[in-house]
Amino acid sequence: MKLVTAIIKPHMLEEVKTALESFGIEGMTVSEASGFGRQRGHTEVYRGAEYTVDLVPKVRLEVLVDDEDAKDIIDVLVKSARTGRIGDGKVWSVPVDDIVRVRTGERGLDAL
Amino acid sequence: MIPIELDSGNTAWILTSSALVLLMTPGLALFYGGMVRAKSVLNMMMMSFGALALVSILWVLYGYSFAFGNDIGYGVLGDPTEFIGLKGLMEDTDAALPAMAFVGFQAVFAIITVALISGAIADRAKFSTWMIFVGIWVSIVYFPVAHWVFDFTLTDENDVVTHTGGWIANNLAAIDFAGGTAVHINAGIAGLALAIVLGKRIGWRKDPMRPHNLTLVMLGAGLLWFGWFGFNAGSAVAANNTASVVWVNTLVATAAAALGWLITERFRDGHPTSLGAASGVVAGLVAITPACSSVSPIGAILVGAIAGVLCALAVGLKYKLGYDDSLDVVGVHLVGGLWGTLAIGLLATEDAPAGVSGLFYGGGVDQLWRQAVGALAVLLYSGILTLIIGFILQKTIGFRVSPDAEAEGVDSSEHAETGYDLGTLSATLRGMSFGAGSSRHDTDDDEPTGARANHDEEVTA
């Protein structure tokens with residue numbers, strides 16, 4: 001099993017979610033995030049006082065998947081989140097030891 | 001003798017204007033509240049509401065008498081006992097305007113003047129000390145200055161003086177229609193004095209202290225503008241031609257100042273901002289306040305446009321001079337008030353209701369020096385007294401919250417409240433539960449267990 005994590009542009013969330021649903025995933029977790037990569041922040045000015053905003057708002061999207069789906073899901077994520085402009089984000093996956101569905105106690109693949 | 005009858009039109013307008021001006025203080029609370037960080041929004045607003053509550057009562061007890069009692073000598077103060085507790089003013093005398101209408105109208109001026117000062121000490125003042133300051137300051141600074149500026153000497157039909165007023169309005173004959181000196185220079189210099197006494201906020205010029213809610217600021221500026229028509233046009237103390245000229249001048253000066261501020265920003269910083277528009281509106285209102293009865297609408301546009309540019313540049317002074325006037329009470333109210341007061345000496349036209357000519361309208365420097373003396377007198381009196389009051393309070397009961405309280409936020413330390421609870425998770429993540437005594441702050445031996453413990457760790461991690 002794998003945890004696929006994607007950091008994407010907030011306005012791409014709807015598109016990415018739809019693409020993942022069409023692929024047939026069973027669930028996902030979305031949270032607000034901020035950070036920087038090659039895209040850096042911007043400057044804001046309030047009554048002449050300048051502020052540098054270093055961190056850019058992003059959305060972090062996490063999906064738990066079966067090993068054999070991981071590569072395809074990463075492809076779907078990358079394709080649907082891409083605008084071709086700087087700041088599109090990153091996608092990665094890490095191995096997962098165990099998964100438990102809290103309500104039933106099912107473990108492993110059954111909990112997906 | 002012709003019997004005087006109650007003028008219901010004038011009375012209706014003054015009562016309406018009083019309510020308009022009252023709304024300016026909650027408007028100011030929004031304007032200031034949006035400009036501070038989220039952790040001090042309630043305290044910022046409470047400083048205005050606290051002034052509303054306390055000054056209203058002091059005004060009735062003795063404030064009106066200090067300001068509008070018969071002069072005790074040299075135009076410095078009204079007789080403190082003449083109207084103490086507003087005695088004698090309930091009687092229906094058939095005067096054109098009931099005394100109580102004027103009492104109410106002037107009360108709301110006293111309130112907003114004190115509330116204006118609070119912008120200079122955002123994020124760091126003890127609320128209890130602020131309230132004591134409000135009581136002392138309004139009593140020994142505002143009430144006398146209101147007497148100097150707003151209390152006119154009255155005569156009967158035989159030119160016999162029936163009431164002696166204050167020295168700036170009568171002896172000096174400086175023009176301050178609605179309070180450039182008494183309200184804005186007065187509050188502006190007091191703000192500077194308190195900013196110096198309290199010192200800079202922790203992290204000033206390092207930590208981000210940007211306005212947390214500019215929509216509140218815009219709403220507040222809108223309410224201030226709305227209420228200001230009562231402030232200025234109501235100061236005609238009648239529903240007449242003067243009030244109407246003043247109304248139009250108040251409209252265009254404010255519009256011109258908003259444009260002036262935005263254009264300044266566009267060329268200096270690259271973008272015209274909403275905070276700039278809101279600030280320009282207030283700067284224009286401040287500047288036209290003393291001048292609204294003595295300039296033409298074209299003159300008012302000039303007063304406003306110059307105020308917009310001047311104040312947009314002046315708000316940068318604090319960074320150069322190193323005082324933390326948090327919300328620019330100096331840059332907007334002191335500078336705008338000084339400009340508006342002096343502008344009368346330059347741009348007053350005989351055609352306007354005040355009937356005086358300034359330097360650019362062939363009147364020479366006669367009015368200009370009167371304006372300058374009036375402005376300087378209020379500046380020095382208020383500045384020096386506020387420094388003394390502030391310094392004594394700071395050294396005795398303390399004016400500033402502890403560094404820990406300041407870091408946590410004055411809403412929490414001074415009022416035990418927070419302004420916002422946004423998002424579905426926030427209450428849970430803060431470990432909040434209903435009812436008193438269940439919080440870990442209240443019980444030492446209460447070991448957090450289970451899910452609560454986890455949440456607590458998340459918050460403190």
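**Notebook: two helices, one chain, one contact**

I began with helices α6(B) and α12(B), and their crossing is left-handed (the near helix is turned anticlockwise from the far one by less than a right angle). Helices here are DSSP runs of H or I with at least four residues, strands are runs of E with at least two, and both are numbered from the N terminus.

I noted that this is a predicted model, where local features need pLDDT of at least 70 and side-chain atom pairs count only at pLDDT 80 or more, while totals for chains, interfaces and linings use all residues. Residues are numbered from 1 along each chain as its sequence is written, and chains are lettered from A in the order in which they are written.

Next I looked up the geometry: the axes of α6 (residues 180-198) and α12 (residues 329-347) of chain B come within 8 Å and cross at roughly 145°. Axes are lines fitted to C-alpha atoms over the stretch in contact, with angles from 0 to 180 degrees between N-to-C directions.

Who makes the contact? I found Gly180(B), His184(B) and Gly188(B) among the α6(B) residues, and His333(B), Gly337(B) and Thr341(B) among those of α12(B). Contact means C-beta atoms, placed from the backbone, within 7 Å.

Then I stepped back to chain B, which has 17 helices and 2 strands. Along its principal axes, the C-alpha trace of chain B spans about 85 × 55 × 40 Å.

Last, I checked where the chains meet: 6 residues come from chain A and 12 residues from chain B. Strand β3 (residues 42-46) of chain A gives the most to chain A's side, with 3 residues.

How values were computed: Two residues are in contact if their C-beta atoms, placed from the backbone, lie within 7 Å.
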